[in-house]
Amino acid sequence: MSILVIAEHDGSALKGSTLNTITAAAELGDVTVLIAGGNCDTVASQAAKLAATNKILLAEDEIYSTPLAETFTPLILSIARDFSHILGPASTFGKNILPRVSALLDVQQISEIVAIHDSDTFDRPIYAGNAIATVQSKESIKVLTVRATAFEAATEVGSPAEIAKIEIVTAEKISEFISTELTKSDRPELTQAKIVVSGGRGMQNGENFIMLERVADLLGAAVGASRAAVDSGFVSNDYQVGQTGKIIAPELYIAVGISGAIQHLAGMKDSNVIVAINKDEEAPIFQVADYGLVGDLFTEIPKLEAELQK
Amino acid sequence: MKIIVAVKRVVDYNVKIRVKSDNTGIETANIKMSMNPFDEIAVEEGVRLRESGLAEELVVVSIGPKQSQETIRTALAMGADRGIHIQTDEEIEPLSIAKLLKEIAEKEKPDLFILGKQAIDDDSNQTGQMLAALLGWSQGTFASKLTLDTSNANVIREIDGGLETIKLNLPAIITTDLRLNTPRYASLPNIMKAKKKIIEELVPSDLNVDISHRINTLKVVEPSSREAGVIVKDIVELVDKLKNEAKVI
């Protein structure tokens with residue numbers, strides 16, 4: 001089997017979710033990685049060094065310096081027929097591009113796979129992870145996006161893979177990149193963070209989130225929130241963890257003043273370790289928590305901060 | 001300007017879903033159904049453009065069983081002008097949905113087609129991008145802000161770690177993310193008015209689209225459940241457990 005991975009990178013290194021995708025791809029067969037960008041020699045050599053990669057295809061041109069679906073799709077289509085599977089990370093990059101590719105190959109994509117049974121059978125979460133479907137594709141080319149948290153990152157170094165330059169494919173210009181504005185924060189991004197500290201309605205107001213931020217900074221964690229906290233205006237929408245917000249699976253999730261509505265649990269219940277701090281011992285969050293502490297967050301969180309500083 | 005919005009009837013987001021005992025799918029009998037939350041945002045965006053005078057007509061389309069007409073009525077009550085219902089009791093995959101919507105787009109010739117970024121039942125997040133591909137249109141996915149002029153759409157997109165601004169030639173596909181707007185509740189007079197609005201009824205074969213499945217669902221199971229946790233007595237014990245038992249800090 002020849003497997004193509006569409007790499008996401010920032011011009012100097014592969015994104016973490018691409019490393020997870022490469023691991024998934026290696027379970028299926030020989031891995032070729034497509035790297036498209038303005039100037040990405042360093043990315044190509046990083047990918048080539050990985051034990052899990054067999055070949056690197058490099059498409060360098062200014063038109064690929066920003067990942068527009070409209071320019072990446074014709075490039076991917078130009079090589080797609082050489083592969084049995086095309087994989088991309090289920091990041092906003094992969095989710096944007098892969099379905100466009102899939103439709104033009106006239107194949108039905110399978111989104112966010114979390115396990116590989118064989119070359120055509122995969123597990124994927126549905127209903128925000130409240131059920132797992134095992135699905136089988138009979139398509140000639142399987143187009144898959146990969147949920148990063150379900151596969152280890154490919155880091156092992158092996159004999160260097162061949163790097164081959166490929167022709168760029170120009171397309172009619174129907175869209176244009178203007179700018180990106182990355183959230184400036186010293187904290188890790190919510191979907192990438194190893195530890196997340198989230199607050200709910202129990203936080204009472206937005207100012208009190210400073211308590212969580214202090215704990216987060218001691219742990220190198222991201223800060224999240226429940227929908228109730230977002231709807232109450234405590235924090236903005238991009239903090240929201242839940243079925244209609246971000247779905248995350250960090251190593252450690254600390255839920256503070258969060259009752260544990262279904263819609264929130266859907267977004268965090270795959271976390272490795274869950275801690276709940278809530279004054280209501282009947283709160284449903286305790287049913288999914290590995291460690292529960294029944295208490296008033298306004299006394300417990302300062303104690304937690306003090307304990308972590310020791 | 002003409003806008004089409006696609007809406008899907010799904011299990012309400014507050015319902016705790018149950019896997020069928022024979023592992024063939026999800027229990028949907030006698031379960032509360034609602035408009036997919038991201039589609040509500042799509043309708044709201046369309047209604048706002050309609051109210052601002054930028055759009056003259058807002059058409060809402062849904063594909064699904066007879067009850068999908070209730071979902072269309074909800075959109076009509078929010079302010080859409082008319083509906084199109086493609087009736088089928090089959091579960092239809094995103095590629096087939098995109099092919100059906102393409103036929104609608106070619107007939108209706110909208111300047112903008114707005115969809116939710118994903119349905120909260122199958123969580124595919126594919127239909128909008130596929131529709132854009134099949135039509136050869138530009139796509140502004142996961143939109144958190146949309147501004148229009150006569151020939152372009154400026155879209156601020158939610159990307160991992162921040163925001164991206166792109167400019168699209170019209171006609172274009174937009175898929176909605178959470179921050180785009182807060183959908184309104186339909187008022188009672190508008191719900192009454194919506195009952196008189198027209199819903200055109202079609203079936204997939206009217207559009208000559210093959211809706212047969214490409215993917216077989218072999219089984220659907222509950223995710224592995226978490227083992228019961230412990231209640232700790234205080235913060236000191238909690239931090240100790242996290243350090244020495246779970247080894248996560």
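Two exercises on a predicted model follow, each with a worked solution.

**Exercise 1.** Work out the strand order of the open sheet in chain A, and find which strands stand at its edges.

*Solution.* 
Step 1. List the strands. Seven of them form the open sheet of chain A, ordered β5-β9-β4-β1-β2-β3-β10. The pairing is parallel.
Step 2. Look at the ends. β5 (110-113) and β10 (162-165) of chain A each have a single partner strand, so one side of each lacks a neighbour in the sheet.
Step 3. Zoom in on one pair. β1 (residues 2-6) and β2 (residues 30-37) of chain A pair in the parallel sense over five bridges. A:Ile3 stands opposite A:Val31 in β2(A).

**Exercise 2.** For helix α3 (residues 94-108) of chain B, compare the span with the expected value, then determine how many residues are buried and what covers them.

*Solution.* 
Step 1. Take the span. α3(B) has 15 residues and reaches 20 Å from first C-alpha to last, close to the 21 Å expected at 1.5 Å a residue.
Step 2. Count burial, with 20 or more other C-beta atoms within 10 Å as the cut-off. In α3(B), 11 of its 15 residues are buried. Among them are B:Pro94, B:Ile97, B:Leu101 and B:Ala105.
Step 3. Identify the cover. It includes α4 (92-104) of chain A. From chain B come β1 (2-7), β4 (57-64), β5 (82-87), β6 (112-116) and α4 (127-135).
Step 4. Go past the end. Just after α3(B), B:Lys109 takes a positive phi of about 50 degrees.

Terms used: Residues are numbered from 1 along each chain as its sequence is written. Chains are lettered from A and ligands numbered from 1 in the order in which they are written. This is a predicted model: local features need pLDDT of at least 70, side-chain atom pairs count only at pLDDT 80 or more; totals for chains, interfaces and linings use all residues. Two strands pair if DSSP finds at least two bridges between them. Helices (H or I, at least four residues) and strands (E, at least two) are DSSP runs, numbered from the N terminus. The expected span of a helix is 1.5 Å times one less than its number of residues. A residue is buried if 20 or more other C-beta atoms lie within 10 Å of its own, exposed if 12 or fewer, and partly exposed in between; C-beta atoms are placed from the backbone. Two residues are in contact if their C-beta atoms, placed from the backbone, lie within 7 Å.
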